Amino acid sequence: MAMDFDFLNEKQRQVVNELDRNILLLASAGTGKTNTLSCRIVNILEKERARAEEIICLTFTNKACNEMKQRIASVAGVRGRGVTVRTFHGFCYEILRWAAKGQTDVAGDFTVADETDCLEIIRGLDYCQAHQENALQALVNLIKEYRGEYNIFSDDRQADYERVLLRLKEEKQQRINDAARQKGRPNHDIVMMFEAHCGEIVSQYDGRLLENHYVDFCDLINGAYQVLQQEESCRFWQDRFRFWCVDEVQDTSRLEYAILTRMFGDSNLLLCGDFFQTIYEWRGSEPQLIYDRFARDYHPMLMVFHENYRSVRTLLEASYGFLKNRFPEQVAGLFREDAAAMSEEQGEKIHYRQLNSTYVEASWIYNQLQKLQPEDLSRVCVLTRSNYYNQKLSDYLARIRQQRQEQFELGQRDEADFPLDFMLVEEFKFFRRQEIKDVVAALRLVINPQDASSLLRLVKRFGRRIGPATVAQIQSEEYRAAGIRITDFLHASAQKYGEPFEMLLRALEQGEVVVFDVEATGLDTARDEIIQLAAIKLDMQGRELERLVHYVRASRPVGQSEAVHHISDAKLLAEGIEPEKALQDFLDFARGCVVVGHNVVFDLTILASQLARLGLKPLEIPAFYDTLDIFRRFYPQLPNHKLEFLGEHFHVGHKSTHDAFDDICATGEILLYAVKHDILPVRDVRRSLISRHIRNFAPLAEAVNGLRCKLADMRPGRMVVETITRLGIDKYYQREPGRMENLRNLVRQARQLDKEELSGYDAMQSFLRLMSLSNTELDLMLQEKPRIPIITVHQAKGSEFDTVFMAGLQEGVFPSKISLVHESLDEEARLFYVGITRARQRLYLTAAMDRGSVPCRFINAIPDEFLDREP
């Protein structure tokens, strides 16, 4: 039965029913946007305008993404299961993962490194000195962001970064100076050093990321942009979706919008956002430019939602009044009708107080909370402009609470205070906590044997007799020249023979090396299917001893993947064999051999997944080697390490063509080149160097390799428990109850987020991907234990609270000093607007007037009739 949309207002129904024209929807928080978009998806499905798999919704925060998924599930039910709902970064991850197999030299099992992982890599760079890592990280990020912004992409990364720096110095020197700030002041020594060595520093940083099979958040955006410059890739994504919905479009940068337009094609488009919530101009968002380009190129119908269902009438009218006073021309141009509060509750006036100091401000906030006595602390929030002010306020609130408790215990107060508990989000990002990062590092290393950063983290706390001096020696140029990485010390070949390549060399001498490659219906290793499988056996002379080539019938159409591998459904029907026979033939062919491939983890992963789905036994091999990693370690200065490029650079006879057999022939040739020129010549040197430390790594190697053996069959929750106990993480933290509780919570999270339809390996990969793409887990933390979050306005975007305290409303704090110096006050005003619209029922504004401070100018833009200014 068709769904009835009568419960929607008139404009909401228009958006739901308009399925032919493109739409630009301007909708502020509380106007029912998410519900409307969910209903629109139902309408698309009911009218059979597209299948669920042909609809995509993109957002810019994990919170908004989760809300959209939940709303679609509640409104569309099972019909909406196939709808793609992603954050923008999450979708770029998919694009890069899709292209990793042949179009980039990013490892197929890459991990998104969070800011902590990246900072560890920054610390290890040649030019990084003590206490400069944060400024250097900001500078590196700045250059990488503007590489995409300026569209400077060639095969020479170092030259690209130097060109970016030159242009930035000409156009935006202040951005460089601001990035290098330490303790609020520009550090000109760091700027001078960075400008002298920029290309070298950033390209070395990129090299370390790639060695670890990492990408950072800049790489997700820049990598997706580069992939979509190829027409074949462009057409693939244009053909995949018929309906697009991009939410929070005001946060889109020019580069991000360019990525989207490469995929839009002839699809139906709906872009929605709120111009007045633009708070990322410093990160490149330009909503007016995006709106203008979208209007020019796609001729959308403009819709503006003006009815607001979130807050009481006073707060809605006050925030709208602020906009009219602060942005009169923009409001007049966008709103043909004034914002209308649909709540029947008038609500209190906004309470505004000027206090003598930050301590007095904290005391006043504490007293107001004592009067309110909120039943649910998580529905109250304290907002400020900066993490620095958050910390200051938090310290004072903790001191005040402690003093009042002591006074009660001494009989100086008649009654105990209403219990209040505060939380600094910046301190309590769940997936960034030390003990959680330890477990995640172990899990990453189990899945990705090349993850040196994760191994280094484990070594620091759980590697007995492996101290800083040992690590420094292993990471020295002497070891690097021999082709040794610290992860080699865990390799089964190094543990058995004292040489990480010994298994490979012995297998070649015995003619027991299998080079293999697969083509598949797609890049989802958990669900897609192998349609071509090719393998050859090689000896040390490069002779082909045996070969195996099968086309494999699939249970699903090859679809758009045909554009990549050129294998049609008709070809599979005519020449393909049943997957059970094809895969069993390969298991017999490769049993006991050393397996080699280029970017081989994808091939091994989809093979393992499909074997599990078919109920076949896993592949039995002693070890595998990846020519991508081999050439990256011996030839780090090459512009890229794609199979096609390596074949041309080293003049191999076979060319990479995306045909599985052609690719394995090319892989076999470059493998033997590396063996002859790089691996064999330093075989004895490598064995000598490794022998100094190999015994000390034995316990870690046993634990990690043991976990790796269980990965295929063990569910994520159980795998987390096994990791904690095998590595002794529980014993290490047993005297810290808080950390132990966090570890237990991680186990619960792994169980709750387990995708039971996937194999253990695939489910664990999915869980790790979720953690790496999660920046702030505010909702998760508040579910654990209701507390009053003390957060910045940026962190609060997308959230709502019954009661909000906005503190630190004095010039130089809010608006910030930098914005006053650069006279960039419009974004600060929009940030103020975002802050006041987080409140649903009551709002408190406070300013600390110490040291001759001046009250925040934005308060005067709130109509006076809505302000309670009692002294």
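The legends below describe several close-up views of a predicted model.

Residues are numbered from 1 along each chain as its sequence is written, and side-chain values use heavy atoms, with hydrogens and water left out. Because the model is predicted, local features need pLDDT of at least 70 and side-chain atom pairs count only at pLDDT 80 or more, whereas totals for chains, interfaces and linings use all residues.

**View 1. The nonpolar cores and the surroundings of Phe832.**
The largest nonpolar core has 84 residues, and those with the most contacts inside it are Trp244, Phe322, Phe832 and Leu845. A nonpolar core is here a set of buried Ala, Val, Leu, Ile, Met, Phe, Trp, Tyr and Cys residues joined through side-chain atoms within 4.5 Å, and buried means under 20% relative accessible area, exposed over 50% and partly exposed in between, with a 1.4 Å probe and protein chains only. Helix α4 (residues 88-100) gives this core its largest share, eight residues; helices (H or I, at least four residues) and strands (E, at least two) are DSSP runs numbered from the N terminus. Leaving aside neighbours within four places in sequence, Phe832 is in contact with Phe322, Met806, Leu809, Phe814, Cys856, Phe858, Ile859 and Ile862, where contact means heavy atoms within 4.5 Å. A second, separate core of 55 residues includes Leu490, Met740, Leu746 and Ala750.

Ala99 lies in helix α4 and is buried, with a relative accessible area of 1%. Not counting residues up to four places away in sequence, Ala99 touches Thr104 and Val227, while Ala99 and Leu228, 129 residues apart in sequence, are 9.6 Å apart in space from C-alpha to C-alpha. Ser319 lies in helix α14 (residues 313-326) and counts as buried because its relative accessibility is 5%. With neighbours within four places in sequence left aside, Ser319 is in contact with Tyr833, Ile836 and Thr837.

**View 2. The packing of helix α32 against helix α33.**
Helix α32 (residues 698-710) and helix α33 (residues 716-726) pack at an angle of about 165 degrees, with their axes 10 Å apart. Axes are lines fitted to C-alpha atoms, for helices over the stretch in contact, and angles run from 0 to 180 degrees between N-to-C directions. Helices α32 and α33 are therefore roughly antiparallel to each other, given that angles under 35 degrees count as roughly parallel, over 145 as roughly antiparallel, 65 to 115 as roughly perpendicular and the rest as oblique. On the α32 side, Glu702, Ala703, Gly706, Leu707 and Lys710 meet Met719, Glu722, Thr723 and Arg726 of α33. By class, this contact of α32 with α33 has three nonpolar, two polar and four charged residues; Ala, Val, Leu, Ile, Met, Phe, Trp, Tyr, Cys and Pro count as nonpolar, Asp, Glu, Lys and Arg as charged, and the others, Gly among them, as polar.

**View 3. The crossing of helix α18 and helix α35.**
The axes of helix α18 (residues 434-447) and helix α35 (residues 737-752) come within 9 Å and cross at roughly 45 degrees, which makes α18 oblique to α35. Gln434, Glu435, Ile436 and Val439 in α18 meet Arg739, Asn742, Leu743 and Leu746 in α35, and the residues of this contact divide into four nonpolar, two polar and two charged.

**View 4. The covering of helix α28.**
Helix α28 (residues 627-634) is mostly covered, with eight of its eight residues buried. The buried residues of α28 are Thr627, Leu628, Asp629, Ile630, Phe631, Arg632, Arg633 and Phe634, and what covers them includes α9 (188-211), β19, β20 (624-626), α29 (643-649), α30 (660-679) and α31 (683-691).

Most residues other than glycine have a negative phi, and most peptide bonds are trans. His299, although not a glycine, has a positive phi of about 45 degrees; His299 is found in the loop between α13 (287-298) and β10 (301-305) and counts as exposed at 59% relative accessibility. Asn599, also not a glycine, has a positive phi of about 55 degrees; Asn599 lies in the loop between β19 (594-597) and α27 (601-614) and is buried, with a relative accessible area of 2%. A cis peptide bond, with omega about 5 degrees, joins Phe814 and Pro815, and Pro815 has its place in the loop between β22 (801-806) and α39 (817-822).
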